[in-house]
Amino acid sequence: MSESEKSPAPASVRVTGNDTTEAGLRNALLKAGALQNAILTSANFSIIATDEKGIIQLFNVGAERMLGFRADEVVNRTSPSDMHDPEEVRARALALSVELDTLITPGFEALAFKASRGIEDIYELTYICKDGSSFPAIVSITALRDDYGDLIGYLLIGTDNSVRKRVELQLNDAVAAAEKANRAKTDFISSMSHELRTPLNAILGFAQLVETGTPAPTPTQQRSIDQILKAGWYLLELINEILDLALIESGKLTLSNESVSLTEVLLECRAMVEPQAQQRGIGMVFARLGVPRFVKADHTRLKQVLINLLFNAIKYNQPGGHVTVECTLNLPRSIRISVRDTGPGLTPVQVAQLFQPFNRLGQESGSEEGTGIGLVVTQRLVKLMGGEIGVQSTPGVGSVFWVDMHLTDAPKLAQPDADAHDAPRPDAHAGTPVHTLLYIEDNPANLELVEQIVARRADMRLLGAADASLGIEFARVYQPEVILMDINLPGISGIEALKILRADPTTAHIPIVALSANAVPRDIQKGLAAGFFNYITKPIKVNQLMAALDAALEFSKTAQGPSVQKEPA
């Protein structure tokens with residue numbers, strides 16, 4: 001074979017290789033062009049390019065669809081800032097001026113200022129369409145530079161944000177509606193509590209008066225009084241538990257998480273439950289802590305939790321049984337408080353139903369009273385305090401209810417007030433003159449009840465006023481040493497009357513004790529924050545009311561006020 005015959009083959013290979021490279025390049029260019037065209041003609045994004053002065057140079061199909069302008073109407077004629085809500089552009093200019101500490105004028109500078117400094121910028125403003133309609137948009141703006149780094153324009157890519165805004169608005173409306181419903185629920189609970197407590201106040205108050213009256217009731221009468229008091233206090237317990245449960249569910253129950261002495265709480269609980277245990281012949285064993293332990297909890301609510309568990313252990317125990325309280329450390333920083341009883345125990349099915357509202361596990365027809373709410377409230381209080389609650393039970397042996405709480409450090413003790421510590425305890429009844437009390441109350445039964453309670457104190461006399469206006473005048477004229485104030489009064493409320501009395505120099509010094517059926521915690525906090533000296537809830541406990549009056553009278557001795565009191569006509 002000659003050399004001439006062999007030469008075409010290499011040439012043919014070289015030609016084929018060049019054809020392949022050129023074809024690949026053409027295909028790549030075509031593909032890139034198609035991709036670029038697809039981007040520029042996308043109907044889902046508005047793509048706007050401007051020159052360095054902010055005048056539109058490119059206006060894609062998506063921008064035409066969203067804004068209603070044709071490209072030839074805006075290219076080389078207008079700026080993207082002219083298509084934004086002018087008020088929002090001015091607000092953005094002002095906000096950026098403050099943020100960047102430099103003056104930024106409204107207009108395209110307010111849109112492009114960050115991008116021109118190389119700062120990534122995605123903003124949310126309202127686009128104004130050709131027909132005057134508008135829609136919220138999210139816009140990303142980027143500075144465009146040439147090969148030498150010189151600014152040649154800006155690229156703005158925008159998306160319609162209407163759907164997300166609509167969803168956000170619906171969500172906000174739903175949240176607002178839920179909050180409104182919660183407020184309405186809380187207000188209803190407060191109102192219901194007040195309406196139920198008002199008649200209970202008369203029932204329990206007069207029953208206490210009859211029980212402690214002179215002459216003493218006969219045995220038959222005493223049994224009737226005992227039944228009235230038992231039913232009344234049980235009804236009050238039911239109201240309180242429903243109120244607690246509703247407040248927890250609505251998120252309105254406030255707790256004070258603090259360092260609480262476990263020893264102190266257990267001693268307080270023991271003092272409250274041992275009398276009932278003794279009456280039923282139930283033995284009580286309280287474990288002693290080797291060293292002081294403090295848990296992170298709300299003192300009042302932790303005591304409520306433990307007392308409920310202890311009362312249940314006593315109530316559902318067997319005759320001659322016993323209740324044992326144990327405390328064991330859990331790693332790393334928690335302690336378990338266990339209440340063990342020797343009652344009939346619970347089956348696995350009953351344990352599974354234990355924390356359901358109003359479920360008394362078949363005890364509805366038994367002799368023991370109960371609401372079926374106490375354990376539900378107990379469980380939710382424990383969770384709100386960051387703890388855990390559980391139960392282990394064996395039928396025929398008994399049950400162990402346990403609560404795990406987080407341990408914490410002991411609280412720092414405040415320095416004692418030397419003057420207060422050394423001051424002698426005053427005697428409110430040692431040779432003092434008769435004290436004048438003013439009770440502002442529109443309910444005749446409540447007024448009569450307090451009159452009879454006060455009548456048992458030789459050192460007190462009571463003035464009554466059926467509304468706040470009359471009560472304010474009585475306070476100014478007779479200068480009582482203590483004022484008892486109902487909250488829900490006709491015309492001027494008790495809160496408003498308090499403000500009026502506090503603003504008057506002649507009555508500002510008089511301690512005012514709220515005596516109200518508004519027993520929701522937020523109502524009590526609101527009353528104390530308004531300036532009431534104390535807040536007593538109805539139904540009245542006679543001893544509690546007397547203690548509050550003594551404290552107010554003692555305070556009244558030191559308060560500044562007129563030295564001469566007028567006698568009521």
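User: In what order do the five strands of the open sheet lie, and is their pairing parallel or antiparallel?

Analyst: As a general idea, strands of a sheet pair through backbone hydrogen bonds, either parallel or antiparallel. In this structure, which is a predicted model, the five strands follow the order S2-S1-S5-S4-S3 and their pairing is antiparallel. Strand S2 (56–59) and strand S3 (121–128) are the edge strands, each pairing on one side only, and the twist from one strand to the next averages 30 degrees.

User: How many bridges join S1 to S2, and which residue of S2 does Ile48 stand opposite?

Analyst: Strand S1 (residues 46–51) is joined to S2 by three bridges, and Ile48 stands opposite Phe59 in S2.

User: Which helix lies across S1, S3, S4 and S5?

Analyst: That is helix H6 (residues 108–116), which runs at about 45 degrees to S4.

User: Which residues touch the most other members of the largest nonpolar core?

Analyst: In soluble globular proteins, nonpolar side chains tend to be buried together. Here the largest nonpolar core has 48 residues, and those touching the most other members are Met284, Val295, Leu302, Leu309, Leu310 and Val323. Helix H10 (residues 299–315) gives the most to this core, with eight residues. Apart from this core lies another, of 24 residues, including Phe69 and Leu111.

User: Where do the buried residues of H18 fall, seen down its axis?

Analyst: Helix H18 (residues 542–558) has buried residues that include Val542, Leu545, Leu549 and Ser556. Seen down the axis of H18, the buried residues fall within an arc of 160 degrees, so they line one face of the helix, while on the other side Asn543 and Thr558 are exposed.

Technical notes: Residues numbered from 1 in each chain as written. Predicted model: local features only at pLDDT ≥ 70, side-chain atom pairs only at ≥ 80, totals over all residues. Heavy atoms only, no water. Core = buried A, V, L, I, M, F, W, Y, C linked by side-chain atoms within 4.5 Å. Buried < 20%, exposed > 50% of the residue type's maximum accessible area, 1.4 Å probe, protein only. Helix = DSSP H or I, 4+ residues; strand = E, 2+ residues; numbered from the N terminus. Arc of directions from axis to C-beta. Pairing = 2+ DSSP bridges. Axes fitted to C-alpha atoms, helices over the stretch in contact; angles between N-to-C directions. Contact = heavy atoms within 4.5 Å.
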